[in-house]
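Take a look at the fold below. This report starts with the sheet, moves to the helices beside it, and ends inside the protein.

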Amino acid sequence: MPRYDIAVPDLSGKRAVVTGASDGIGLGVAARLAAAGAEVLLPVRNPDKGRAAIGRIRQQVPDADVSLRALDLSSLDSVAAFGRDLREEGRPIHILVNNAGVMTPPERRTTADGFELQFGTNHLGHFALVGRLLPLLRAGHARVTSQLSIAANQGAINWADLNWERSYHGMRAYSQSKIALGLFGLELDRRSRANGWGVTSNLCHPGVAPTNLLAARPEVGRDRDSGGRRLIRALSARGILVGTIESALLPALYAATSPDAGGARLYGPRGLGHLGGPPAEQKLYGRLRGVEEAARVWAVSEELTRVPVASA
């Protein structure tokens with residue numbers, strides 16, 4: 001456990017969905033939600049990893065109410081099937097944590113639908129997910145928390161080439177995906193308030209921690225841990241500057257559950273450079289403040305995913 005922690009309110013009777021919960025920060029968030037009494041759904045791409053994650057949660061929380069669902073955010077058909085299954089169950093969703101992500105494939109890769117992998121998974125997949133689940137989110141007066149990155153404070157949306165077909169740059173494409181997700185999260189809160197949807201949407205980022213984003217991941221074409229991950233792991237083990245998995249999950253947990261966490265706000269570590277430390281509200285990154293750009297992201301995302309979130 002980190003040197004600091006937060007109190008999580010009683011979540012008995014609440015239904016939560018956490019993407020990317022088969023390991024790392026998502027797994028930690030799911031375990032904490034389950035420990036607070038929530039029913040937690042783990043939508044996963046790899047069922048073996050999902051079953052292992054449930055086993056780890058139940059080691060910590062023996063009576064945890066957790067279950068697996070199939071979801072591949074890099075496939076809009078998979079997102080549609082997941083949304084359809086949950087709508088057929090007809091149970092309100094009270095917490096959605098958009099946590100899953102991929103980071104900096106060495107070479108350009110695409111989703112099942114032909115989008116650049118990071119933009120398609122990190123942003124468009126979550127955009128479509130919210131659209132498919134919106135009736136359930138409205139029924140649960142849900143809080144939607146989207147996991148960004150300090151990378152959303154650099155770079156820009158490459159409007160001239162959203163899919164990086166002409167000149168791929170892994171880190172710039174990653175930044176774009178997180179900026180787009182952040183702009184969408186803020187626009188979701190604005191539209192919810194304007195239309196009376198009853199959904200609260202906010203943002204978080206974990207700082208820097210030794211997660212599996214930069215680990216060896218065959219699905220992104222990385223056959224060994226990156227040098228950056230090895231450095232982060234060494235610093236984290238020594239308590240230098242960056243966080244741990246346990247501390248890095250706290251901003252998402254706070255944003256998703258605290259009665260003091262509001263909509264259209266950003267939460268992250270408050271340590272030096274916001275790389276580690278206890279969670280706190282932070283100023284919105286400059287790249288997230290454009291209301292017109294947020295509306296543009298929304299419109300383009302509806303067009304690309306063919307999911308009309310505004311009329312869901």
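## The sheet

Eight strands make up an open sheet with mixed pairing, in the order β3-β2-β1-β4-β5-β6-β7-β8. Its edge strands are β3 (65–70) and β8 (279–282), and each pairs on one side only. From one strand to the next, the twist averages 25 degrees.

This is a predicted model: local features need pLDDT of at least 70 and side-chain atom pairs count only at pLDDT 80 or more, while totals for chains, interfaces and linings use all residues. Residues are numbered from 1 along each chain as its sequence is written, and side-chain values use heavy atoms, with hydrogens and water left out.

Some terms come first. Helices (H or I, at least four residues) and strands (E, at least two) are DSSP runs, numbered from the N terminus. Two strands pair if DSSP finds at least two bridges between them. Angles run from 0 to 180 degrees between N-to-C directions, and axes are lines fitted to C-alpha atoms, for helices over the stretch in contact.

| Strands | Sense | Bridges |
|---|---|---|
| β4 (residues 95–98) and β5 (residues 143–147) | parallel | four |
| β6 (residues 200–204) and β7 (residues 266–269) | parallel | two |
| β7 and β8 | antiparallel | four |

Single residues show the partners. Ile95 has Arg143 as its bridge partner in β5. Leu203 is bridged to Leu266 in β7. Leu266 in turn has Gln282 as its bridge partner in β8. In a regular strand, side chains alternate between the two faces of the sheet.

## Helices on the sheet

Contact means heavy atoms within 4.5 Å. Helix α4 lies across β4 and β5, and runs at about 180 degrees to β4.

Leu76 is buried because its relative accessible area is 13%, and buried means under 20% (exposed is over 50%, partly exposed in between; 1.4 Å probe, protein chains only). Leaving out residues up to four places away in sequence, Leu76 touches Asp113, Phe115, Leu124, Ala128, Leu304 and Thr305. The C-alpha atoms of Leu76 and Thr121 are 9.4 Å apart, although 45 residues separate them along the chain.

Now turn to a loop. Thr111 lies between β4 and α4. Is Thr111 buried or exposed? Thr111 is buried, with a relative accessible area of 7%. Its contacts, not counting residues up to four places away in sequence, are Ser74, Glu116, Leu117, Gly120 and Thr121.

## The cavity

A cavity is a set of points on a 1 Å grid over the protein atoms alone, where a 1.4 Å probe fits but cannot get out; lining residues have an atom within 4 Å of a point. Grid points are joined across faces, edges and corners, and a volume is the space filled by probe spheres set on the points.

How many cavities of 30 Å³ or more does the structure hold? There is one. The largest cavity contains about 40 Å³ of space. Its lining is Phe119, His123, Ile157, Trp159, Leu162, Ala180, Val297, Val300 and Ser301. The most come from α9, with three.

The lining has seven nonpolar residues, two polar and no charged. Here Ala, Val, Leu, Ile, Met, Phe, Trp, Tyr, Cys and Pro count as nonpolar, Asp, Glu, Lys and Arg as charged, and the others, Gly among them, as polar.

Methods
1 Å grid on protein atoms, 1.4 Å probe; cavity = no way out; pocket = protein on both sides within 12 Å on 5 of 7 lines; lining within 4 Å.
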